[in-house]
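Here is a short note to read beside the model. Please keep the 3D view open and follow the points in order.

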Amino acid sequence: MELFERPGGGECAILVQISFNTAKSTKDEKEFIELVHSAGAQVAGLVTGSRQSPDSRYFIGEGKAEEIRLLLTAQDADLVIFDHSLSPAQERNLEKRLQCRVLDRTGLILDIFAQRARSHEGKLQVELAQLKHLTTRLVRGWTHLERQKGGIGLRGPGETQLETDRRLIGERIKQISKRLEKVQNQREQGRQARKKAEIPTVSLVGYTNAGKSTLFNALTQAEVYAADQLFATLDPTLRRVQLPNQQEIILADTVGFIRHLPHDLVAAFRSTLQETTDADLLLHVIDSHDGQLDLYREQVNQVIIEIGAENVPQIEVMNKIDLGGHSPHIEEGNGVNPARIYVSAQENLGLEMLLEYLGNYFAGQIFQGELNIPPHHARLRARLYADKAVQQEKISTEGDFHLTVAIDQRRLEQYLQEEGLSLDDL
């Protein structure tokens, strides 16, 4: 049974974008249209306007509502999408007035997420966010709200159809939350294992479509789905990356941020975003060619504060320099601004420089020095060679291996502990 008795269709849309005492940006308009295309709808028209404040009944005024109704008829459209958050009552009133389906910005982003989710966890997170959004909107669309269940075989305790649906959705939310808790516990075990192995985690963050997945693929030789579209990546992916100084890091690719990211989504994806919160370093990927990069930088940092990751150190990766204006270089940071590294993930420009910078960043955790290894600890020597940590070797007259090495401090200590040795012994 359909949850809503509502008009069908929804592929040909009229878009609505209203300004409230602020200058509307053409970039916001472009992003809104990209979001609609990402959801699979065709744009039949864009209605703009300005108001002092939203109307409590329709969000827009009576005149604008009539303008949209006439445009719907003229364009034979069957969906109206607002670039704003609408209250359940406003959505219901608009649908009644326009006689078609009405979707707000939150519903639009939820729909895109539902299409993009690939992993079991991602699908559960999206469904949880959708259901939480739905619970406030159950009242709309029903024509039988006051009817009791009745008839032979259907007589019940007097529960209305609406109450039944609320109860069923509540049960489903509990069920999904339990499943997500189980997945979250598994993720937490993975994080604890990485902490125990003391491998630093570096998380890619940035505005959606800034090129995070392309950069991730270029650095890891992975084949994560990357496309020139909003929210191409939903599911976090982690890969090991070897730095030039023999150290390893875990690189995490995460969901892109966007202005006015729905709170239900932030809450639902909290376990995914935990990879960002628990990271040792954030690589904030920015489209250097974008005219509104300062605004997007601010939006991303706002979401970082929302998820509690504001204290994680940050390096800005200025991506897409191949589109003009910059060559690969590094701008050192100061107490206020983080360091900036200019690269092109698409054209493989500046990536070696980025890896070298990361190597130097974590260099405090590298042991560089000399070790005298007795012959009966040849297994330790073999391990150092397997890690490509040996820079030079000499053999003493007593048969000891005199090695010059550069290796992750924590890994060396792990090897020494397994051999029953300490640095003082060597």
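1. In this predicted model, 4 strands make an open sheet in the order 2-1-3-4, and their pairing is parallel. Strand 2 (42–51) and strand 4 (101–103) are the edge strands, each pairing on one side only. On average, neighbouring strands of this sheet are turned by 20° against each other, direction ignored.

2. Inside that sheet, strand 1 (residues 12–20) pairs with strand 3 (residues 79–82) in the parallel sense, over 4 bridges. To find the place on screen, look for valine 16, which stands opposite phenylalanine 82 in strand 3. Helix 3 (residues 88–98) lies across strand 3 and strand 4, and runs at about 145° to strand 4.

3. Next come helix 4 and helix 5. The axes of helix 4 (residues 105–116) and helix 5 come within 9 Å and cross at roughly 155°. Because angles over 145 degrees count as roughly antiparallel, helix 4 is roughly antiparallel to helix 5. The crossing of the two is left-handed. On the helix 4 side, Thr106, Gly107, Leu110, Phe113 and Ala114 take part, and they meet Val126, Ala129, Gln130 and His133 in helix 5.

4. Helix 5 (residues 120–135) has 16 residues and reaches 23 Å from its first C-alpha to its last, close to the 22 Å expected at 1.5 Å a residue. Its buried residues include Leu124, Leu128, Leu131 and Leu134. Val126, Ala129 and His133 are also among the buried residues, and these three belong to the set that meets helix 4. An α-helix has 3.6 residues a turn, so residues three or four places apart point the same way.

5. A second open sheet has 7 strands in the order 6-7-5-8-9-11-10, with mixed pairing. Strand 6 (237–242) and strand 10 (329–331) stand at its edges with a single partner strand each, so one side of each has no neighbour in the sheet. Neighbouring strands are turned by 25° against each other on average, direction ignored.

6. Within this sheet, strand 5 (residues 201–206) and strand 7 (residues 248–253) pair in the parallel sense over 4 bridges. Serine 203 has alanine 252 in strand 7 as its bridge partner. Helix 7 (residues 212–220) packs on the sheet, and its direction makes about 155° with that of strand 7. Helix 10 (residues 293–306) lies across strand 5, strand 8, strand 9 and strand 11 (340–342), running at about 150° to strand 8.

7. For the chain as a whole, there are 13 helices and 14 strands. Buried residues make up 49% of the 426 residues.

How values were computed:
Residues numbered from 1 in each chain as written. Predicted model: local features only at pLDDT ≥ 70, side-chain atom pairs only at ≥ 80, totals over all residues. Heavy atoms only, no water. Pairing = 2+ DSSP bridges. Axes fitted to C-alpha atoms, helices over the stretch in contact; angles between N-to-C directions. Contact = heavy atoms within 4.5 Å. Expected span 1.5 Å × (residues − 1). Buried < 20%, exposed > 50% of the residue type's maximum accessible area, 1.4 Å probe, protein only. Parallel < 35°, antiparallel > 145°, perpendicular 65-115°, else oblique. Left-handed = near helix turned anticlockwise from the far one by under 90°.
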